[in-house]
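Let's take a walk through this model together. Have the sequence and the 3D view open side by side as you read.

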Amino acid sequence: MSEPIREKPLTKNFSPGEAPFDLKQYESGGGYQAVRKAMTEMAPEDVTGVVKEANLRGRGGAGFPTGMKWSFVPMGDRAPKRKYLVANADEMEPGTFKDRLLLEGDPHQFIEGMILAAYAIQADVAYIFLRWAYKKAEALLGKAIAEAYEAGYLGKNILGSGYNLELYLHTSAGRYICGEETALMNALEGKRPIPRTKPPFPQTSGLWGKPTIVQNVETLCNVPHIVANGADWYKSLSYSGNGGTKLFGASGKIKRPAIWELPLGTPMRELLEEHAGGMQDGLKFRGVLPGGASTDFLVEEHLDLPMDYEPVMEAGSRLGTGTMVILDDKTCPVGMIRNLELFFTRESCGFCTPCRDGIPWTHRLLDAIETGDGKPEDIDNLDFIINTITRMLGRTFCAFAPGAVEPLQSGLKYFRDDFEQHIGEKRCPYAS
Amino acid sequence: MATIYIDNKPFEVADDQNLLQAVLSLGLNLPYFCWHPALGSVGACRQCAIKQFRDEEDSRGKIVMACMTPVNSKSLIPPLNETRISVDDEEAEHFRESVIEWLMVNHPHDCPVCDEGGSCHLQDMTVMTGHNYRRYRFKKRTHRNQYLGPFINHEMNRCIACYRCVRFYRDYGGGDDLSVMASRGEVYFGRFEDGVLESEFSGNLVEVCPTGVFTDKTYKEHYTRKWDLQTAPSICLHCSLGCNTIPGERYGEIRTILSRYNGEVNGYFLCDRGRFGYGFVNSGRRIRQPLIRNDAGGLESSTPEAVGDKLASFLSNGAKMIGIGSPRASLEANFALRTLVGADRFYNGMSADDSRLVASAIRILQEGPARTPTLREVESADAVFVLGEDLTNTAPRLDLAVKQSVRRKPIERAAMLRIPEWDDASVRELVQDEKGPFFIATPNPTKLDNIATQTYRATPDDLARLGFAVAHALDPAAPSVTDLPDDVAQLADSIAQALKESKRPLVISGTSCASEAVMRAAANVAWALCQDERAGEVYFVVPECNSTGVRLMAERDVDAAIEAVQANEADTVIVLENDLYRRAAGTSVDTLLDTAEHVIAIDHQTHRTTEKAEAVLPAGTFAESDGTFVSSEGRAQRFYQVFVSNGDEQESWRWLQELMGAAGQLEAPAWENLDDITAGLAQAYPIFEAIPKIAPPAGFRVVGQKIPRQSPRHSGRTSVLADVNVSEPKPPADSDSPFSFSMEGYTGAPPSALISRFWSPGWNSPQAINKFQIEVGGHLHGGDPGRRLIEPSDDAKPEYLNDVPASFKPRDGELLIMPLYHIFGSDELSILAPAVAERSPQPYLALNPNAAASLQVRDGEVVEITLDGVAQRLPAKISPELPEGTAGLPVGLPGLCGVTLPAWSRVKK
């Protein structure tokens, strides 16, 4: 593992406590140079090419290679005339707040990323699908979009290139499932936000049946820097072959809950002990959801893992959004998982059976166990639901239910004694 | 075809389907809920899980949903070299059982009081997966139910959220007032608020819903378990399309009607008039005993013997008899009447207009090159031009077929993106709201307008002119139309262009405008499309279930019968299953009935004609008779007696045969059963030659056994009458068909024309239809029942039809009153069903805003019109799109029968 160069391209313009850069300030720091470069020097395929070469992987949770995703979009004269780019800014994963930071901290960086991505796939319409609760981001984006139109970065014939792009800001009605890209498209069309089947993939039949790319906010924010500085520079930002820095976050009873931009592959222990300042006094580390609520618990033995896609996967969890939720030794794991399953119970779209009817059952069981009404067979029933849904995709319609059972299955694995103690004592041992 | 391996055994299957279709078509069992052969796959329920293996070496495999996995593994991402699956795999079986367990988390334990019990797909699938013990120990979610109108009962707690109801109602049926609301475990399928379901096809929810959420409310009023229903194959008689039905009877009442799958006709679906219109069979207006006019002038009940003597006195001694047949009676009943009175004294029982128009339809289809499609074929038309017909109200099941055809053209794009057509959600997401070319030209707005490319409102003459212009634009040899306004000429050109560019163009017209010119114009369009190897098709909707059949038998109509009586050519009139007041002006019918010395009516309902007859004989309805109808497609189809009534009712033909005896006709044919009459029909009419072959004869047996009308589980046979007699009564005999009125007989699948119920071991719901089809959703084993009598001749090159009418000229002080049809109300018999009557409108006069303004009439205010010399006062209803110079009057509503429309009338406030 090579030592990365220490740059923080995504957050370099951030000035906490102050308004984000307006267009002029953003431009004076080199902003929109990547768009200028692309429009004047690069063909759309060149943009896709450099992103592919940079090994940028999607930052929304699944980690799909971004350039490869774009390369599936039909191009050329025979491609459908209307194509869409959609930015997924519906950040609702419990414990995750990185996209919010990017939108509020540097909206123009994000818009520049969208223009480049749209140009790469030759989309002529782009949408930002924004979480309804991000009111501040909504206001900042509205202003930034207006400035970008004014300056000719959006609209007809951008920078004289002949390329047109209309960008619309859409605030969502506020459902977790809207973060699933195909459910997001249904929501954007004004339909029920239920996921769609794949294939056909959005690249061929997406929004309103047209070729569409849906991309996470953080992913898009990386694109201007890749286009401006090249693939080699980008790859050198990380510890591994997956390029770039990553916004890592931590929440829970640590000394400094926050977000940091660090090289992809930064060890978990460094994040926890150096950046987050360790556990609050009197508390011990018990476990961590490394990438948001829908990832499996990792425990003490995993602390030296690099926070990167493959190592976290091999340890039995997922990098997810890279924002950790930390469990300490004075917080009841059963209660924590119960809360998570209540969240997933509420947020299921209700389309497929295992998710709609299976997840609420887990919440009922966990609630019974936590409130002293647990029975020994309840753990068997939890195991039954977990094992039938499992993390293997294909049993449920989308990845929601497998994600929902991840903290539960690993919680049962690592904290099984806690469950049994609840049932045996008919009460929560953590309650004072 | 492709070879697939199921549990290591090779099978040959069609490769354009999904694995669930393939597995079911092979006759194997695999549980499912959200998939439906007519609706395709969406992958919601996760019930049809199977295991798929990469190849023979792969022992782990992967759980996949059969309904979402193509047979052709090369189209998977990543592709597989072969298709190797296991249905019996332990993990897959366990997953399927788990899905049922999850569904049962909230499903109530109310099977004993649920109308679906015994006919429930959820019960069947639960048993199939082996799930039998509930581990869930918490409260279930509950919902409020809604009032959905007189047809459908709602019980949301039973919902397993398969999404079929909304997919049928909205996506397939085009309705928009039933939706899925809320989310997660709270998803709710219903209306925005309580209210009558607006779709004319809502009744199909009863069969589409895999459990007891949507059930038949009319059935609930006199409910009995499915296995206690006595059933027989039947044909709907409430319009001309000939949908196949299964009526179910117990204790002398029809209790419910289900769709009888016919792969070429109605498929899985019926309209609500056909499903809920059966109430007339049980109606208090039934004639149960012979009636004879007494000295005081009233009709009184009599006995068959007494009335027989009386009739003998009418009919002997050289009575000059004529017989008036009926387009709602079977071919056999009409033929018996014709035999009694003689061919030259038999009248077809239709109004003069209907008779002329139906004749025109038959002539066009027989003499021209354009073929009439089956309803299934209508679904694959890729450009449709409707000329003059309000399909939703005159031929509802055809409306549903056309709703599928408008998808054909846009769906072509799915194939280009390699999205299989069964992948329903993906296809709909790709196609969105795009519709293929579909043009509607009618006098009044129709419910199909919202999916039409363009609509045109005009009087019949102007509709005909548009049609002639389209034909001329397609082929300059067709007569041209002069002085067409520019916009109409342009419309004609774009219709012609769209039809020309399509692979399967279809023209739909019919008799409801009462305009032969409209039908001739439709014929010209279809004929002009029959060039360059292309097969233009034309469908003519006709008024009633046997209009085509009876018009093929006789040319003379009711007006001719009236003339014959007036000219003293006849003194004794026998009226078969017909209320003449619906066929001609009341004054003329009065003349006929008053002038004739003897009027004998045979019918099952009391109406104005039976009330004026001297003797009335109680006929069996379709449910108490066997016979044949010829549909508007020209398809002859057999319906069978469902039950034996307790009264004196019998098939009309049996009464007529008795009348032959009473009339002392020594040469009368010695008909023993229905087959003898159909043989006579075939002999008398070359076109009916195939009638005896449309279904097996009465002597047909399977392994020596009759086909039972009752299920093997029919209960209470020995106890039902135990209070009367402990000896088990002998079941009634049936000499007319291969069916028995009992539970004994052959329980396997009979020939398709004799399917009295869809049932197979483990499949108690209508989903058992799978087991009767060659491929699921395809044709029935042995071919779909019925025989088409009318096909175009191969070398037909007729001259184009002429007589382009002049453009409509409004009159000063008078409006042309146009007929308006209502699915619930315009049909004579279905309106006798209380649920249908509840849905039918009150009589009204439709006025366009200009006419209303000049009369100074507001919506709801009463106006007066005079038709056939009779003044009627009706509330006005403002209808914005009615052509200038016209008004609209609902057809067939009580009090509005018997007027010949269109007709001119002065309209007064």
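Where in chain A does Pro200(A) lie? Pro200(A) sits in the loop between helix 8 (181-188) and strand 4 (212-216) of chain A, where helices (H or I, at least four residues) and strands (E, at least two) are DSSP runs, numbered from the N terminus. The bond that joins Pro199(A) and Pro200(A) is a cis peptide bond, with omega about 0°.

Before going on, a word on conventions. This is a predicted model, in which local features need pLDDT of at least 70 and side-chain atom pairs count only at pLDDT 80 or more, while totals for chains, interfaces and linings use all residues. Residues are numbered from 1 along each chain as its sequence is written, chains are lettered from A and ligands numbered from 1 in the order in which they are written, and side-chain values use heavy atoms, with hydrogens and water left out.

Chain B has a cis peptide bond to show you as well: it joins Ile77(B) and Pro78(B), with omega about -5°. Look for Pro78(B) in the loop between strand 4 (62-65) and strand 5 (83-86) of chain B. As background, most residues other than glycine have a negative phi, and most peptide bonds are trans. With that in mind, turn to Lys426(A), a residue other than glycine whose phi is positive, near 55°. Lys426(A) belongs to the segment after helix 17 (416-425) of chain A, and it is exposed, at 51% relative accessible area; here buried means under 20% relative accessible area, exposed over 50%, and partly exposed in between (1.4 Å probe, protein chains only).

Now find helix 9 of chain A, residues 217-229. Of its 13 residues, 11 are buried, so this helix is largely enclosed by the rest of the structure. Among the buried ones are Val217(A), Leu220(A), Cys221(A), Pro224(A) and His225(A). After helix 9 comes Gly230(A), with a positive phi near 90°.

Next, step to where the two chains meet. The contact (heavy atoms within 4.5 Å) takes 46 residues from chain A and 44 residues from chain B. Together the chains bury about 3600 Å², 57% of it on carbon and sulfur atoms; buried area is the accessible area (1.4 Å probe) that two parts lose on being put together, summed over both. Arg192(A), Trp361(A) and Arg395(A) supply 18% of the area that chain A buries against chain B, more than any other three residues.

What links cross this interface? There are four salt bridges between chain A and chain B, a salt bridge being a side-chain nitrogen of Lys or Arg within 4 Å of a carboxyl oxygen of Asp or Glu. Glu429(B) and Arg196(A) meet in a salt bridge, at 3.7 Å from N to O. On the side of chain A that touches chain B, helix 13 (333-347), helix 14 (353-370) and helix 15 (376-389) of chain A are the elements that give two or more residues. Helix 14 of chain A gives the largest share, nine residues.

Over all chains the count comes to 82 salt bridges. In chain A, Glu189(A) pairs with Lys191(A) in a salt bridge, with the closest N and O atoms 2.7 Å apart. Glu189(A) is buried at 12% relative accessibility, whereas Lys191(A) is partly exposed at 37%. In chain B, Arg84(B) and Glu82(B) form a salt bridge at 2.6 Å, N to O; Arg84(B) is buried, with a relative accessible area of 6%, and Glu82(B) is partly exposed, with 22%.

Finish with Asp424(B) and Arg167(B), whose side chains meet in a salt bridge at 3.5 Å, N to O. Asp424(B) lies in helix 15 (residues 424-431) of chain B and Arg167(B) in helix 4 (residues 164-172) of chain B, so the pair ties together parts that are 257 residues apart in sequence. Both Asp424(B) and Arg167(B) are buried.
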